[in-house]
Amino acid sequence: MTNLDARYHAHIYYDLAERPAAAALRDDFTRDPAILFVGAMTDRAVGPHPIAQYEVHFLARSQDAVIAAIEPTGLRALVHPLTDDDLADHTSLARWIGEPIDLDVTVLDPPGANQGMARFGGADF
């Protein structure tokens, strides 16, 4: 990683039993000045994500700290850069924490047309 200002985000996944742990982690992220944006908890499938999740946006310089915050919770997460290749972001450029989840990659944008959250009715930070 050469650009410490590159944008990244993590998808934090949870089920009903894990929701309290996911909410506590989300609260911690909202108080962290290194975090650029914390999305709402989405208790349903959205986009390529087949189960409940929320997003946390940050710069590459904070990636190690974000991963270190997620790992002890036991929650699953997908951490990836935000490039112009949405498919690569969610696959070859991504890092899983915990057991990977099968994503629906058919809904991702083609290379060069990454619309991010706006594609699914949300707004980016």
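Me: In what order do the five strands of the open sheet lie, and in which sense do they pair?
Reply: In this predicted model, the protein chain has three helices and five strands, and from the N terminus on its elements run β-α-β-β-α-β-α-β. The five strands form an open sheet with antiparallel pairing, and their order in that sheet is 2-3-1-4-5.

Me: Which strands are the edge strands of this sheet?
Reply: The open sheet has the strand order 2-3-1-4-5, and neighbouring strands are turned against each other by 20 degrees on average, direction ignored. An edge strand pairs on one side only, and in this sheet that holds for strand 2 and strand 5.

Me: Which residue of strand 5 stands opposite valine 79?
Reply: Strand 4 and strand 5 pair in the antiparallel sense over three bridges. In general, the strands of a sheet pair through backbone hydrogen bonds, either parallel or antiparallel. The residue of strand 5 that stands opposite valine 79 is arginine 95.

Me: Which strands does helix 1 touch where it packs on the sheet, and what angle does its direction make with that of strand 3?
Reply: Helix 1 packs on the sheet and touches strand 1, strand 2 and strand 3. The direction of helix 1, compared with that of strand 3, makes an angle of about 25 degrees.

Me: Which strands does helix 2 lie across, and at what angle does it run to strand 1?
Reply: Helix 2 lies across strand 1, strand 2, strand 3, strand 4 and strand 5. What covers its buried residues includes those strands and also helix 1 (19-30). To strand 1, helix 2 runs at about 5 degrees.

Me: Why do the buried residues of helix 2 lie on the same side, and how wide is the arc that they cover?
Reply: In helix 2, which spans residues 63-70, the buried residues are Gln63, Val66, Ile67 and Ile70. An α-helix has 3.6 residues a turn, so residues three or four places apart point the same way. On the other side of helix 2, Asp64 and Ala65 are exposed.

Me: Which parts of the chain does the aromatic pair of tyrosine 13 and tryptophan 96 tie together, and how many residues apart are they in sequence?
Reply: Tyrosine 13 and tryptophan 96 form a stacked pair, with 5.7 Å centre to centre and 25 degrees between the planes. Tyrosine 13 counts as buried at 1% relative accessibility, whereas tryptophan 96 is partly exposed, with a relative accessible area of 24%. Because tyrosine 13 lies in strand 1 and tryptophan 96 in strand 5, the pair ties together parts of the chain whose separation in sequence is 83 residues.

Me: Is the pair of tyrosine 14 and tyrosine 54 stacked or tilted?
Reply: Tyrosine 14 lies in the loop between strand 1 and helix 1 and tyrosine 54 in strand 3, 40 residues apart, so that the pair links distant parts of the chain. Tyrosine 14 is buried, with a relative accessible area of 2%, and tyrosine 54 is buried as well, at 0%. The ring centres are 6.5 Å apart, and because the planes stand at 45 degrees, the pair is tilted.

Me: What percentage of the 125 residues of the protein chain count as buried?
Reply: The accessible surface of the protein chain comes to about 6500 Å², of which 53% belongs to carbon and sulfur atoms. Of the 125 residues, the part that counts as buried is 40%.

Notes:
Residues numbered from 1 in each chain as written. Predicted model: local features only at pLDDT ≥ 70, side-chain atom pairs only at ≥ 80, totals over all residues. Heavy atoms only, no water. Buried < 20%, exposed > 50% of the residue type's maximum accessible area, 1.4 Å probe, protein only. Helix = DSSP H or I, 4+ residues; strand = E, 2+ residues; numbered from the N terminus. Contact = heavy atoms within 4.5 Å. Pairing = 2+ DSSP bridges. Axes fitted to C-alpha atoms, helices over the stretch in contact; angles between N-to-C directions. Areas by Shrake-Rupley, 256 points an atom, 1.4 Å probe, with all protein chains shown as cover. Phe/Tyr/Trp six-rings, centres within 6.5 Å; stacked < 30°, edge-to-face > 60°.
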